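Here is a short report on one protein chain. Look over the sequence and the model first, then read on.

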Amino acid sequence: MSALAPTPSVASGEVIFPLRVEAGKRYLVDAAANPFLLHGDTAWSLIVQLTREDIDVYLDDRRARGFNTLLVNLLEHKFANNAPQNIYGQAPFLVPGDFSTPNEAYFAHADWVLRRAAEKGFLVLLVPAYLGYGGGDEGWYQEAIANGAAKLRNYGRYLGQRYQDFTNILWTHGGDYNPPNKALVRAIVDGIRTYDTRALHSAHGAPETAVVGYWGSDAWLQVNNIYTYRTVYSAALQQYERPEPLPFFLVESTYENADGISEQGLRTQAYHALLSGAMGQVFGNGPIWYFNASGFFPSVSIDWRQALNGRGSQSMAQVRHLFAPRRWWMLEPDSSRATLSGGLGSDKDRAVAARASDRSFAIAYMPSIRTVTVNLGQLAGPRVKAQWYDPANGTYTMVIGSPFLASGSHTFRPTGSNTSGYGDWALVLESMQ
C-alpha cells in the first residue's frame, strides 16, 4: 500500500529570525531555538534582473515548494541585461566601480527585495561583492583591487549600518573564488561587523573547496559549506569529521538544465549532503539563477518561469517533505557502515545512510536499484517499521514483512523504478513498540 508523505504546512515551518550558532551543534537554530533545515535555491541575479512584480512571482513559487533560503548577489557584475544596473536602470555606485559612492536608489530597491524575502520567510545568503570565477570579469575582484582595503572597509560599514536591523541575512563573502588577497574580503567583513554584530558570516569559495579550508583561521567565519561537482557525500563527510566542526551545508553543485544532469542526479546531490552531516543544501537551476539574462547561455531555451516547475524543483520539495517532519538534526552519518553494510556502490552511485543518535530512526538513500543490507540492531526497536520513500513524488510504500525485529541483518530491494522512471529510492526505518 502507499500513502502521501507527511507534508508540513508553511505555518508549521515558520522560522523566527535571526539565526544563530550554538556551541556543540552542527546546525543553526532560530530565535525560538528551533533547528533550521537550510533548504535553498540559487537566485544570484534576483535583485538586479527582475521587476518587483516578478520577484513576488518567484518568491511565492519557491515558498510554496518549501524553499526557505536564497543565494543572492547584492551587486551583479555581468549576469543581468544591464549589469551592474538593476531592471530599473539604477547602478550600485554613482561613479562606476567606485565602492565609496553607493547609489541610494539602487540600495533602496535591494532593501525592498530583502524585506520581501523576510516577509515570506526566506533566509538570504547575501554576497556583498561577488568576486567572480578566477577573479575575472564575472565579478568584482579587479574593482576590489583598484578600490583597496580602506574603501572596501567603508563599503562594509555602509552595508552594516544599512542592514543591521535585517534579521534574515547571512553574509556570504567571496563568490566562486578564493582570492589571493584576503585583506580585501576581510575589510568588507570588518566594516559590516562595525555596526552589525548579530548577523552570521560564511563564504562562497572556488569549486571543489570547503570554505573552512581557505578561511578557517578567520574568526568571522561562523558557517562552513562545501562546493563540489564531484561526489557530495565524500566532501560532506570530510567536513563532518573535522576535529572542530562548524555547521555546514552544500552551497553549490551541478545545476538543473546544465551539464546534462538528470533529476536523479539532482536528488543524489541533496540526499548525499543531508545524510552525510550537512545541515542543508542549495539547489540550482540554469535559467533561474540568472533569470534569462540575455546573451549568456543561448543553448538554454526554457524560460525561468517554466523552470520553476522543473523536475528538479519538484524533487527538492520531496526532499524537504521527507526530512522536515523528522528530527533530522539528530542524524549521524553511517560512515563506519554499522547500519548500511552491503550494496553501497561507489562515487555518485554510492548508497548512503544516517541514523538518529537516539536510534529512533534511520534513512538510507540509493541512487539506483540494488539490494542493500541493513543491520536492524542499530535501531532501538523493539520492532522496526520499514518503508520505501519515492523521492520523485513523495509517497511511501510499506516494505513487505514490516515491521521487523530490531536485530540482525536484513536485505531490502525496491520492486522496480520510482514514479519518474529512475531507480533511486530512500529506505525509511523507524523504531516502534
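## Two residues with positive phi

This is a predicted model. Phe 291 sits in the loop that runs between α9 (286-289) and α10 (304-307). Its phi is near 50 degrees, a positive value in a residue other than glycine. Is Phe 291 buried or exposed? With a relative accessibility of 2%, Phe 291 counts as buried, because the cut-off for buried is under 20%.

Arg 359 also has a positive phi, near 65 degrees, and is likewise not a glycine. Arg 359 lies in the loop between β16 (352-356) and β17 (361-366). Its relative accessible area is 34%, so Arg 359 is partly exposed.

## Cis peptide bonds

The bond from Phe 17 to Pro 18 is cis, with omega near 10 degrees. Pro 18 belongs to the loop between β1 (2-4) and β2 (20-21).

The bond from Ser 402 to Pro 403 is cis as well, with omega near 5 degrees. Here the loop is the one between β20 (395-398) and β21 (404-405).

## Overall build

The chain carries 11 helices and 23 strands. Its radius of gyration is 22 Å, close to the 22 Å that the globule rule gives for 433 residues, so the chain is as compact as a globular protein of that length. Along the principal axes, the C-alpha atoms fill a box of roughly 70 × 45 × 35 Å.

Of the 433 residues, 58% are buried. Take the contacts between residues at least 6 apart in sequence: 73% of them join residues at least 24 apart.

## Nonpolar cores

Which residues have the most contacts inside the largest nonpolar core? They are Leu 46, Tyr 58, Leu 74, Leu 75, Tyr 163 and Phe 323, in a core of 120 residues. Helix α3 (residues 104-119) gives the most to this core, with seven residues.

Beyond its neighbours within four places in sequence, Phe 323 contacts Leu 37, Tyr 271, Leu 274, Leu 275, Trp 328, Leu 331 and Ile 363. A second, separate core has 21 residues, among them Leu 344, Ala 386, Phe 404 and Trp 425.

## Surface and charge

The accessible surface of the chain is about 16,200 Å². Carbon and sulfur atoms account for 49% of that area. The chain has 36 positive and 38 negative charges, and their mean positions are 6 Å apart.

Technical notes. Residues numbered from 1 in each chain as written. Predicted model: local features only at pLDDT ≥ 70, side-chain atom pairs only at ≥ 80, totals over all residues. Heavy atoms only, no water. Helix = DSSP H or I, 4+ residues; strand = E, 2+ residues; numbered from the N terminus. Rg over C-alpha atoms; globule rule 2.2 N^0.38 Å. Buried < 20%, exposed > 50% of the residue type's maximum accessible area, 1.4 Å probe, protein only. Contact = heavy atoms within 4.5 Å. Areas by Shrake-Rupley, 256 points an atom, 1.4 Å probe, with all protein chains shown as cover. Lys, Arg positive; Asp, Glu negative; His and termini not counted. Charge placed at Lys NZ, Arg CZ, Asp CG, Glu CD. Core = buried A, V, L, I, M, F, W, Y, C linked by side-chain atoms within 4.5 Å.
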